[in-house]
Amino acid sequence: MAAEPDRSQCVDFHSHLLPGIDDGCKTLDDSLTIIRELQYQGINHIITTPHIFKELYPNTPEIILEKLKLLQSALIQNNINIKLEAAAEYYLDEWFCQNFQTMDLLTFKGNHILVETNYMERPHFLEQVFFDLQTSGYAVVFAHPERYNYLINNYNAFHSLFDRGILFQCNLLSFTGYYSPQIKKAANYLLKHNMISMIGSDIHKIKHAQIISEFKKSKAYQNLIQLDLLNNTL
Ligand SMILES: [Fe+2]
């Protein structure tokens, strides 16, 4: 019997490719340049995840889906044959905690929601909002846990969240040392302890895609995609 194809190499998850709505691509041209690069890398399916952060990027599902349509049309016009979908990366703040129950959330894989927090300070409501999301029927995917100062200074906190069923999504860039040596170390710790459920590119600009292209040639990347990743089910 033929081996299962390794689809984690073909799906790009977690990025900021919709133009002009967050700190990712600024123009449609930026978006097309990055998507062409991803196609060149063998990607045939992208799930892009604009920030939804009340204070800085007050996006809504309507805004995101409208931009998605615009970019999908541009892909067709430019003969770029790639499947493009959108979810979101929700910033967990007081506003989100108070309002998510009444909001239409942009999820992926049915009930999965991608969330992030402040990098420096542990939100006092973190456990509570994770619990509330889970009891509301969502599977919580925590974006790049290896990047939060409040976690990488205390690896026990990784285990505590993991044991509560929080799914960890690590960034490919973290394994390259792009952000910092400490973040690379934390990503490798999560890898070693088999705590990674998803990998993501978190591409904001073309430079990120180029660094990831180099990383994909490495043994480290090959090891990573051998994991039993949710990426393979998208
Ligand atoms: Fe992101």
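1. Which residues does N149 touch, not counting residues up to four places away in sequence? In this predicted model, the residues are Y119 and M120. N149 lies in helix 5, which covers residues 149-152. With a relative accessible area of 25%, N149 is partly exposed, since that class lies between the 20% limit for buried and the 50% limit for exposed. I183 is 34 residues from N149 in sequence, and the C-alpha to C-alpha separation of the two is 8.9 Å.

2. Overall fold. The chain contains ten helices and nine strands. Its radius of gyration is 17 Å, close to the 17 Å that the globule rule gives for 234 residues, so the chain is as compact as a globular protein of that length. The C-alpha trace spans about 45 × 40 × 40 Å along its principal axes.

3. Of the 234 residues of the chain, 53% count as buried. Among contacts with a separation of 6 or more, 77% are between residues 24 or more positions apart. The accessible surface of the chain is about 11100 Å², and carbon and sulfur atoms make up 50% of that area.

4. Largest pocket. The volume of the largest pocket is about 210 Å³. It is lined by 16 residues, and D23, H51, E116, Y119 and H204 are the closest to its centre. The lining divides into five nonpolar, five polar and six charged residues. Y119, one of the residues closest to the centre, is also one of the contacts of N149 described in point 1.

5. Second largest pocket. Here the volume is about 170 Å³. The lining consists of I52, K54, P58, N59, T60, P61, E62, Y90, W95, M103 and D104. By class, six of these residues are nonpolar, two are polar and three are charged. P61 and E62 belong to this lining, and both positions fall within helix 2, residues 61-77.

6. Residue L71. L71 is placed in helix 2 (residues 61-77). Its relative accessible area is 0%, and L71 is buried. F96, by contrast, is 25 residues from L71 in sequence and 27 Å away in space, C-alpha to C-alpha.

7. Residue S197. This serine is found in strand 9, residues 196-200. S197 counts as buried, at 14% relative accessibility, because the cut-off for buried is under 20%. Leaving aside neighbours within four places in sequence, S197 is in contact with L167, F168, L229, L230 and N231.

8. Positive phi at N79. Most residues other than glycine have a negative phi. N79 has a phi near 55°, a positive value in a residue other than glycine. N79 lies in the loop between helix 2 and strand 4 (83-86). At 70% relative accessibility, N79 counts as exposed.

9. Positive phi at D202. The phi of D202 is near 50°, again positive in a residue other than glycine. D202 sits in the loop between strand 9 and helix 9 (206-215). Is D202 buried or exposed? With a relative accessible area of 2%, D202 is buried, whereas N79 is exposed at 70%.

Definitions and conventions
Residues numbered from 1 in each chain as written. Predicted model: local features only at pLDDT ≥ 70, side-chain atom pairs only at ≥ 80, totals over all residues. Heavy atoms only, no water. 1 Å grid on protein atoms, 1.4 Å probe; cavity = no way out; pocket = protein on both sides within 12 Å on 5 of 7 lines; lining within 4 Å. Points joined across faces, edges and corners; volume = space filled by probe spheres on them. Nonpolar A, V, L, I, M, F, W, Y, C, P; charged D, E, K, R; others polar. Helix = DSSP H or I, 4+ residues; strand = E, 2+ residues; numbered from the N terminus. Rg over C-alpha atoms; globule rule 2.2 N^0.38 Å. Buried < 20%, exposed > 50% of the residue type's maximum accessible area, 1.4 Å probe, protein only. Contact = heavy atoms within 4.5 Å. Areas by Shrake-Rupley, 256 points an atom, 1.4 Å probe, with all protein chains shown as cover.
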